[in-house]
Number of protein chains: 2
Amino acid sequence: MANAIPSRSENYSEWYNELVKRADLAENSAVRGCMVIKPYGFSIWEKMQRALDDMFKETGHMNAYFPLFIPKSFLSKEASHVEGFAKECAVVTHYRLKNAPDGSGVIVDPDAKLEEELIVRPTSETVIWSTYKNWIQSYRDLPLLINQWANVVRWEMRTRLFLRTTEFLWQEGHTAHSTSEEAMAETRQMLEVYARFAEEWAAIPVIKGYKTANERFAGAEETLCIEAMMQDGKALQAGTSHYLGQNFAKAFDVKFQSKAGTLEYVWGTSWGVSTRLMGALVMAHSDDSGLVLPPKLAPIQVVIVPIYRSEEQLAQITEKVKEISAGLRKKGISVKFDDSDANKPGWKFAEYELRGVPVRLAMGARDLENGTVEVARRDTKEKMTVQLEGIVDRIETLLEEIQQNIYDKALAFRTANTHHVDDYAEFKQVLDEKGGFILAHWDGTPETEERIKEETKATIRCIPYNAPEEEGKCILTGRPSSRRVLFARAY
Amino acid sequence: MANAIPSRSENYSEWYNELVKRADLAENSAVRGCMVIKPYGFSIWEKMQRALDDMFKETGHMNAYFPLFIPKSFLSKEASHVEGFAKECAVVTHYRLKNAPDGSGVIVDPDAKLEEELIVRPTSETVIWSTYKNWIQSYRDLPLLINQWANVVRWEMRTRLFLRTTEFLWQEGHTAHSTSEEAMAETRQMLEVYARFAEEWAAIPVIKGYKTANERFAGAEETLCIEAMMQDGKALQAGTSHYLGQNFAKAFDVKFQSKAGTLEYVWGTSWGVSTRLMGALVMAHSDDSGLVLPPKLAPIQVVIVPIYRSEEQLAQITEKVKEISAGLRKKGISVKFDDSDANKPGWKFAEYELRGVPVRLAMGARDLENGTVEVARRDTKEKMTVQLEGIVDRIETLLEEIQQNIYDKALAFRTANTHHVDDYAEFKQVLDEKGGFILAHWDGTPETEERIKEETKATIRCIPYNAPEEEGKCILTGRPSSRRVLFARAY
């Protein structure tokens with residue numbers, strides 16, 4: 001295996017693209033902008049799904065499934081929603097092919113034109129709220145707490161594996177409530193779930209906050225988000241939770257009878273994370289040798305490589321390995337014993353480094369004699385020779401340490417690359433020379449935000465939850481501001 | 001809750017439609033032919049997915065994800081494949097909407113026409129084999145054992161919830177092998193997996209067999225299937241496993257270097273089950289009061305209903321119920337305690353009957369005095385008063401008994417409704433008067449099969465695996481036949 005991934009410092013963007021392909025996470029398909037998620041990559045996604053799905057269920061949500069297609073007229077019902085999505089819709093216009101008269105293959109059958117075109121869902125608010133209309137009559141039907149795991153399509157012109165693809169996989173929660181307060185509490189709760197997932201599972205520290213009006217979801221009254229820092233200092237939005245107010249209820253006429261007997265519009269939320277998280281995971285932790293996966297999301301947590309000169313040695317090693325593997329599996333730790341003779345140990349070491357397996361054990365003749373094993377951790381690349389006695393507990397603890405260390409490292413990196421800036425010239429200079437997050441004052445107007453974006457390519461990632469009150473002046477206009485907001489260039 | 005589901009004997013078809021809606025499994029959506037799978041229905045599907053997915057992984061398969069869209073030219077590469085699917089394809093022709101000049105809403109932007117139309121996948125052989133071409137070079141890359149969980153679209157003119165919908169959910173396995181024998185063994189293995197799932201989880205006995213050439217998957221050399229009998233005597237195909245030979249390898253030029261150094265086409269299989277299984281589950285077991293769910297697939301296995309006259313009684317009951325619930329949950333049994341005061345016990349009893357909860361416990365004041373609980377099983381509707389002592393073990397055993405009883409009942413029904421027929425007049429009479437499965441002789445020609453289908457609406461469901469050799473004469477032509485095949489009218 002030629003280790004020809006570009007280094008991060010050389011070309012961060014190419015490093016990412018190559019790593020995603022080489023580590024067997026995903027590749028571009030023959031269909032423009034659509035990716036193939038390969039088995040190894042998909043098994044990470046499955047772990048993400050399982051963890052998130054458990055959290056959704058713990059918070060009282062159930063899964064359901066709504067149609068892939070949305071009638072064109074539905075999309076138009078909420079004005080800002082259609083405005084936001086119309087430019088990137090895949091449109092189904094026909095329902096049949098037929099043989100070309102000249103025998104050249106199949107063509108679209110012009111007699112099979114749909115009366116109303118169907119949009120491949122870019123998100124499902126419209127088709128779901130049109131359904132909720134029939135499900136909700138009374139306050140007794142509320143709250144309605146539903147999630148769906150689905151594929152969605154947004155016609156992107158410039159695509160990148162996981163980060164921006166025409167088709168992607170995601171989950172979208174859609175809930176309905178009898179009060180504004182309850183809907184807002186749900187919006188916040190789901191952002192907490194995303195933050196917990198990002199930090200505890202993906203080992204990615206995130207900043208929770210409010211999007212500005214410019215950056216809100218099309219159709220939302222308020223969008224909450226989590227923002228993460230990648231190793232090039234750029235921001236990546238890793239999850240959003242929207243308070244929809246009564247917008248979709250009004251668009252689809254969804255009313256309920258309140259306890260008091262009045263007829264009122266329902267309050268809504270929606271929230272989602274997508275396969276984009278796969279991109280965040282790669283860009284937050286990995287290095288020039290390959291993936292660095294937090295143990296909780298690693299498909300293989302421990303790989304064991306035998307080093308032997310004879311079949312007899314291999315048999316002895318295998319016997320020891322069986323014991324260790326059984327002990328690890330009993331603790332729910334996934335193990336792979338790679339005793340294939342097609343490749344040499346050195347090749348295997350590089351391969352499992354590339355794939356980000358958190359712990360590698362190597363066992364050779366001397367280890368057999370001494371009752372030891374070589375333990376290598378992927379995150380720090382440290383190696384140590386360890387007694388077999390108590391090895392299972394040792395590895396269990398090590399995996400926890402690795403999970404924590406990966407998080408700590410990302411947090412330290414973010415802290416080191418977060419700057420307080422009070423001057424526009426310095427703002428531009430920091431962006432160009434250092435990158436990272438900038439906490440600065442803003443006058444609160446869309447115009448200022450837009451001008452800063454045009455001039456610097458930096459956007460307001462969020463108004464952080466916990467931003468302390470602080471008197472200051474907008475970096476661009478000098479107008480008064482009462483708290484700093486988070487600026488960064490972003491994916 | 002008005003119990004107005006038509007009875008099975010009255011109108012089997014309406015009974016099914018109403019039951020699926022009333023029991024909150026699914027409903028028709030605003031999009032023609034597409035269904036909404038409701039939370040309760042989806043939670044059954046999730047249990048099916050989990051069980052199947054575990055079996056796929058035990059047999060060495062990994063999940064991956066391939067694009068929703070298939071370029072039109074790909075579909076045409078395998079001649080019989082395009083022939084089979086061209087007439088039911090949803091076609092994407094444009095990638096953008098724009099505001100109508102007259103302000104009437106959004107219209108398809110004529111400037112955003114795709115150069116090549118995209119088909120929403122009706123099945124993924126073509127897009128997957130075009131990918132496998134890059135993944136397979138040598139015998140070392142084989143076998144390639146991949147599955148995907150996905151939505152697919154086949155434009156159906158007459159649709160029915162779960163049984164036949166324009167969009168449906170399924171899994172599709174796609175494997176590649178270096179020999180014909182290995183591919184055939186995989187094809188058989190996966191049919192065994194489906195049969196095991198149907199019988200051990202869904203409690204539906206199935207007949208395993210070969211499809212005739214007429215009924216094969218478009219592009220397969222051999223299609224294996226499992227066929228189940230519904231309560232109206234009709235057959236339902238519950239899963240298929242296809243041996244593709246080298247058809248798709250040739251269409252997409254997928255070759256590998258063999259151990260001997262020669263370059264050869266790869267051998268393939270594909271296999272799938274879909275949300276159709278939900279329809280089979282309902283139609284195989286349920287009754288005029290509602291769903292009858294086998295415990296292994298029931299979202300709620302035990303429901304507990306308190307019967308009380310005072311808050312004090314409720315508190316005492318609740319205390320007892322907590323103990324029982326904790327004991328059941330420890331054994332992995334799902335329990336719901338319905339202490340809502342919005343509905344009376346009688347209403348709840350009917351509701352959980354409708355939803356097919358396998359075991360219902362009711363506890364009242366007298367039970368508290370006597371240390372007993374009323375246990376009702378859904379399948380037989382038997383009720384018994386049981387001592388609380390040892391109740392958890394008793395319920396665990398009862399759930400196993402119910403699972404077995406539901407299977408046994410379905411098997412007995414199938415046995416009673418399977419007929420050996422040797423005469424064409426009798427064949428027609430049995431079909432019209434009794435229905436069910438008919439084992440009869442057939443001369444092996446597509447013409448005879450076709451004529452029988454036209455004249456009687458019965459098709460050859462399969463040539464059963466274990467059909468004993470038996471000299472006989474074709475019921476239609478009198479030509480010699482060496483084994484009976486399985487005829488039935490089918491869904």
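**Ground rules.** I am working on a predicted model, where local features need pLDDT of at least 70, side-chain atom pairs count only at pLDDT 80 or more, and totals for chains, interfaces and linings use all residues. Residues are numbered from 1 along each chain as its sequence is written, chains are lettered from A and ligands numbered from 1 in the order in which they are written, and side-chain values use heavy atoms, with hydrogens and water left out.

**Entry 1: chain A against chain B.** I began with the contacts, meaning heavy atoms within 4.5 Å. On chain A, 61 residues are in contact with 61 residues of chain B. Next I looked up buried area, the accessible area (1.4 Å probe) that two parts lose on being put together, summed over both. The two chains bury about 5,100 Å² between them. Carbon and sulfur atoms carry 69% of that. I noted Tyr65(A), Tyr95(A) and Leu97(A), which supply 13% of the area that chain A buries against chain B, more than any other three residues.

Then I turned to salt bridges (a side-chain nitrogen of Lys or Arg within 4 Å of a carboxyl oxygen of Asp or Glu). The rule finds two across the interface of chain A and chain B. One of them pairs Lys57(B) with Glu46(A), with the closest N and O atoms 2.9 Å apart.

I also took the polar contacts. These are pairs of N or O atoms within 3.5 Å; within protein, one must be able to donate a hydrogen and the other to accept it, and residues adjacent in sequence count only if both atoms are side-chain atoms. Between chain A and chain B, 28 residue pairs are in polar contact, both residues at pLDDT 80 or more. Helix H2 (residues 39-58) of chain A gives the most to the side that touches chain B, with eight residues. Helices (H or I, at least four residues) and strands (E, at least two) are DSSP runs, numbered from the N terminus. By class, that side of chain A has 40 nonpolar, eight polar and 13 charged residues.

**Entry 2: domain 1 against domain 3 in chain A.** The domain bounds come from an automatic or database assignment. For chain A it gives domain 1 (12-69 + 125-285), domain 2 (300-397) and domain 3 (418-488). I found the C-alpha centres of domains 1 and 3 of chain A 27 Å apart. In this pair, 19 residues of domain 1 are in contact with 17 residues of domain 3. They bury about 1,500 Å² between them, 59% of it on carbon and sulfur atoms. Tyr210(A), Thr212(A) and Asn214(A) supply 32% of the area that domain 1 buries against domain 3, more than any other three residues.

How many salt bridges does the rule find across this interface? It finds one. Glu227(A) forms a salt bridge with Arg461(A), and their closest N and O atoms are 2.9 Å apart. Seven residue pairs are in polar contact between the two domains. Strand S12 (222-229) of chain A is among the elements that supply at least two residues of the domain 1 side. S12(A) gives the most there, with five residues.

**Entry 3: Asp443(B).** I located Asp443(B) in the loop between strand S23 (437-441) and helix H14 (446-456) of chain B. Is Asp443(B) buried or exposed? Asp443(B) is buried, because its relative accessible area is 14% and buried means under 20% (1.4 Å probe, protein chains only). Its side chain makes a polar contact of 2.9 Å with that of Thr445(B). Another, of 2.8 Å, joins the side chains of Asp443(B) and Thr477(B). Leaving out residues up to four places away in sequence, Asp443(B) touches Thr448(B), Cys474(B), Thr477(B), Arg479(B) and Pro480(B).

Conventions. Buried means under 20% relative accessible area, exposed over 50%, partly exposed in between (1.4 Å probe, protein chains only). Ala, Val, Leu, Ile, Met, Phe, Trp, Tyr, Cys and Pro count as nonpolar, Asp, Glu, Lys and Arg as charged, and the others, Gly among them, as polar.
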